[in-house]
Amino acid sequence: MSRMSDMAQTIKELRSAAAAISDAADWLTKVFSGESQAEGTPDSPPEPELTLEQVRAVLADKSRKGHTAEIRALLQKYGAAKLSGIDPSHYKALLADAEVLTDAT
């Protein structure tokens with residue numbers, strides 16, 4: 001009888017493992033199908049981070065074109081008096097705000 005009991009326990013464990021594998025496969029399918037739809041193509045490279053030097057170059061160019069006061073206002077908008085005081089997570093938004101400045105005449 002012990003042998004039958006062991007066999008029954010083994011079968012129960014196999015069924016439990018099969019159910020866990022099936023649940024894991026369902027979860028992976030859900031996660032990766034949702035991710036690829038949300039991000040477009042799964043192989044697209046991440047956008048490179050902007051550096052202080054890149055942002056400084058754009059802002060300096062805008063300043064030379066007569067937008068010094070607007071650049072100062074933008075820096076204050078992002079919480080600093082100087083570019084070095086701006087949180088790098090705000091660089092992209094700062095540049096987007098600066099790009100709308102047109103040449104002063």
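A salt bridge is a side-chain nitrogen of Lys or Arg within 4 Å of a carboxyl oxygen of Asp or Glu. In this predicted model, Asp-61, Arg-64 and Lys-65 are linked in a network of such salt bridges, and the structure as a whole holds 3 of them.

Asp-61 and Arg-64 both lie in helix H2, where they are 3 residues apart, about one turn of the helix. Lys-65 and Asp-61, being 4 residues apart in helix H2, are likewise separated by about one helical turn. As for accessibility, Arg-64 is exposed, with a relative accessible area of 64%, whereas Asp-61 is partly exposed at 28% and Lys-65 is partly exposed at 35%.

A further salt bridge joins Lys-77 with Asp-97, the closest N and O atoms being 2.8 Å apart. Because Lys-77 lies in helix H2 and Asp-97 in helix H3, this pair ties together parts that are 20 residues apart in sequence. Lys-77 is exposed, with a relative accessible area of 56%, while Asp-97 counts as partly exposed at 22% relative accessibility.

The two helices joined by that pair also pack against each other: H2 (residues 52–77) and H3 (residues 91–99) meet at an angle of about 65 degrees, with their axes 9 Å apart, and their crossing is left-handed. On the side of H2, the residues that make the contact include Val-55, Leu-59, Ile-71, Leu-75 and Lys-77, and on the side of H3 they include Tyr-91, Leu-94, Leu-95 and Asp-97. By class, the contact of H2 with H3 has 11 nonpolar, no polar and 4 charged residues.

The largest nonpolar core has 14 residues, and those with the most contacts inside this core are Val-55, Leu-59, Ile-71, Leu-75, Leu-83, Ile-86 and Leu-94. The elements that give two or more residues to this core are H2 and H3, and the largest share, 5 residues, comes from H2. In soluble globular proteins, nonpolar side chains tend to be buried together.

Methods: Residues numbered from 1 in each chain as written. Predicted model: local features only at pLDDT ≥ 70, side-chain atom pairs only at ≥ 80, totals over all residues. Heavy atoms only, no water. Axes fitted to C-alpha atoms, helices over the stretch in contact; angles between N-to-C directions. Left-handed = near helix turned anticlockwise from the far one by under 90°. Contact = heavy atoms within 4.5 Å. Nonpolar A, V, L, I, M, F, W, Y, C, P; charged D, E, K, R; others polar. Core = buried A, V, L, I, M, F, W, Y, C linked by side-chain atoms within 4.5 Å. Buried < 20%, exposed > 50% of the residue type's maximum accessible area, 1.4 Å probe, protein only.
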